[in-house]
Amino acid sequence: MKTPHIPTNAPYSNTQRAWLSGFFAGMHTHMIQSAGSINAADARVINILYGSQTGNAESVANDAATAAKAHGLKPVVKGMDEVEIDALAAMEYLLIVTSTYGEGEMPDNAQLLWDAVNTDSAPKLDNLKYSVLALGDTSYDLFCKAGIDWDDRLAELGAHRLFPRIDCDVHFEEAAEGWISSVIPHMAEGAATAGATVDSSAASAEKSQYSRKNPFPAKLSVNRLLTDASSSKETRHYEISITGSGLTYEAGDALCVVPTNCPELVADIIKALACNGDEDEPVNGQLMKFSEALRTQFEIKLPSKELIEEIATRSGDQELNSLLKSADKEAISNYLWGRDTLDLLLQFPACEFAAAEFLALLKPLQHRAYSISSSGKMYPETVHLTVASVRYNSHNRDHKGVCSTFLADLVNESTEVRCFFTPNKVFRVPEDNNLPMIMVGPGTGVAPFRAFLQERLHRQATGKNWLFFGDRNAATDFIYKDELEAYQQSGLLTRLDLAFSRDQEAKIYVQDRMIENGAELFAWLEQGGYFFVCGDAYRMAKDVDQALHDVIATHGKLSAQAAIDYVNQLKKDKRYVRDVY
């Protein structure tokens, strides 16, 4: 619609002509705005729910929302823990983006909604149109299981699959972009839309120029041993400079480090393959020396499923083939325990691979995510990490972790540490500075809680702080001892309960200290306290979760089911949050 034109021969004075021009321009603007608001009100709402453990699914969900706005849709983005089953049943258009956590498990923020959907009493979803994007890792047996489960269950409840599920491996960006560009037009088909209302420049401005695809070339400024030299472990403190990057981070976020592989391991693999390393091979559309490709582009520590299967086929080894045929996951895991790619090549020397064949059986080299152990407010120019160096002897060889020993052994003042941040918007210090905070972080799990305490100090928060920390031996493994004791003496750290498992005959762990101090722990929860856990997901986090339920049942005088309901409410309120791996 054009602004009305005033004919030159109209019988108006210059003053009247100016007034009318302004009047018509104002009417024109008002009509556009009114039409826009009507269209926006009538635009189709699509719900975008994410299940995320580390932030990747949330990021993709927001990308989908940006695309939806550009198509005139009204996206509503929420974590799955923000949605009740009744609200889900009322939805008409739904996109689900979910990662898979652990061994085929739902992410923490998806579990409660999944439990509600996966019951016999779950409502029918005949009016729902949906699509699922699943994020996963093919190195795990139950690849993308959480997304597969959601896709299957929604269909079972009568929902209509508007676009097929896409399963993404660790390099998910391209597949996710393809899913978004395909599914959003399906969501918009036949809809009343509000037009292209998104400001794409504003949306893109929120994202840093440094990302997984374009890591920042940082410099390592500090590499300090935290454990005693006589310890059975090696834990180090790193400080990485991000000066000049424009990057910012919050306590609770993770820093993702892109490592390179150990040169000695690269050389040993080349030798085992009877190659020379100078072979030119196509990698990502360009020719690259075989040795350089192994060092910088591919995962050469953990053998891929494809490599294992090919070695089994070529070797004809009865034991390995029988294990793979049985599909006994535990037996296969036990067989592979302590073995890496080089171990398999040395075990089956008759299996010959040309350089190109070998590269085709490898997975891309992945970044490693580490919980940040500093507050971005106290240290805006540096990022602190607390990392246990992985070193062990197996099958008559010394083995090393990829990224932990990249930082410990290979990085010097001239080496770039390519990195980027992964925000964790849920794992955050409470906004209310007066509320209590309970932190359970044995070993390197203390990392984010060092950051939390720095954050509380910076804010001059008055809320109580309680840390449960432990490791093997107090004399050798009490990392950050001086700092934590100083925080305790200053009053910042209200309570510090320690559990060093090997300092006595009977093993003592952080969950035991929780039980011992259950009455006070429950009192802190009743005062509105937040409960955080960081560290090992497979044993510690499960034991701590059980201890939390026991404490609440015992000191709240609640039944087992009532204790479960209490914990579930903590989760809904985002007062029970975990950063586990």
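How many residues does helix α2 have, and how far does the helix reach from its first C-alpha to its last? I started my notes there.

**Entry 1: helix α2**

I'm working from a predicted model. Helix α2 covers residues 56-70, so I counted along those and got 15 residues. From first C-alpha to last, α2 reaches 22 Å, close to the 21 Å expected at 1.5 Å a residue.

Next I looked up which α2 residues are buried. Ala57, Glu58, Val60, Ala61, Ala64, Ala65, Ala67 and Ala68 are on that list. I reminded myself that an α-helix has 3.6 residues a turn, so residues three or four places apart point the same way.

What covers the buried residues of α2? I found strands β1 (45-51), β2 (74-79), β3 (93-99) and β4 (129-135) among the cover, and helix α6 (173-188) is included as well. Just past the end of α2, I noted Gly72 with a positive phi of about 80°.

**Entry 2: the whole protein**

I stepped back for the overall numbers. The protein has 581 residues, and 49% of them count as buried. I get 22 helices and 21 strands for the secondary structure. Along the principal axes, the C-alpha atoms fill a box of roughly 100 × 65 × 55 Å.

For contacts between residues at least 6 apart in sequence, I see that 77% join residues at least 24 apart. The exposed surface comes to about 27,600 Å², with 50% of it supplied by carbon and sulfur atoms. On charge, I have 55 positive and 79 negative side chains, and the centres of the two sets lie 3 Å apart.

**Entry 3: helix α15**

Is helix α15 largely enclosed or open? I checked residues 402-410: 7 of the 9 are buried, so α15 is largely enclosed by the rest of the structure. I wrote down the buried ones as Val402, Cys403, Ser404, Thr405, Phe406, Leu407 and Ala408.

**Entry 4**

Which strand did I find paired with β18? It is β17 (residues 437-440), in the parallel sense, over 4 bridges. One pair I noted is Met437 with its bridge partner Asn465 in β18.

**Entry 5**

I then went to β21, residues 576-580, where 5 of the 5 residues are buried. Tyr576, Arg578 and Val580 point one way from β21, while Val577 and Asp579 point the other way. I made a note that Arg578 and Asp579 are both among these buried residues.

Strand β20 (residues 530-535) runs parallel to β21, and 5 bridges join the two. Opposite Tyr576 of β21 I found Phe531.

**Entry 6: Arg165**

Where is Arg165? I found Arg165 in the loop between β5 (160-161) and β6 (166-168). Its relative accessible area is 23%, and I logged the residue as partly exposed. Leaving out residues up to four places away in sequence, I see Arg165 touching Val132, Ala134, Gly147, Ile148 and Asp151.

Last, I checked Arg165 against Leu496, which is 331 residues away along the chain. Their C-alpha atoms are separated by 47 Å.

Note on methods. Residues numbered from 1 in each chain as written. Predicted model: local features only at pLDDT ≥ 70, side-chain atom pairs only at ≥ 80, totals over all residues. Heavy atoms only, no water. Buried < 20%, exposed > 50% of the residue type's maximum accessible area, 1.4 Å probe, protein only. Contact = heavy atoms within 4.5 Å. Areas by Shrake-Rupley, 256 points an atom, 1.4 Å probe, with all protein chains shown as cover. Lys, Arg positive; Asp, Glu negative; His and termini not counted. Charge placed at Lys NZ, Arg CZ, Asp CG, Glu CD. Pairing = 2+ DSSP bridges. Expected span 1.5 Å × (residues − 1).
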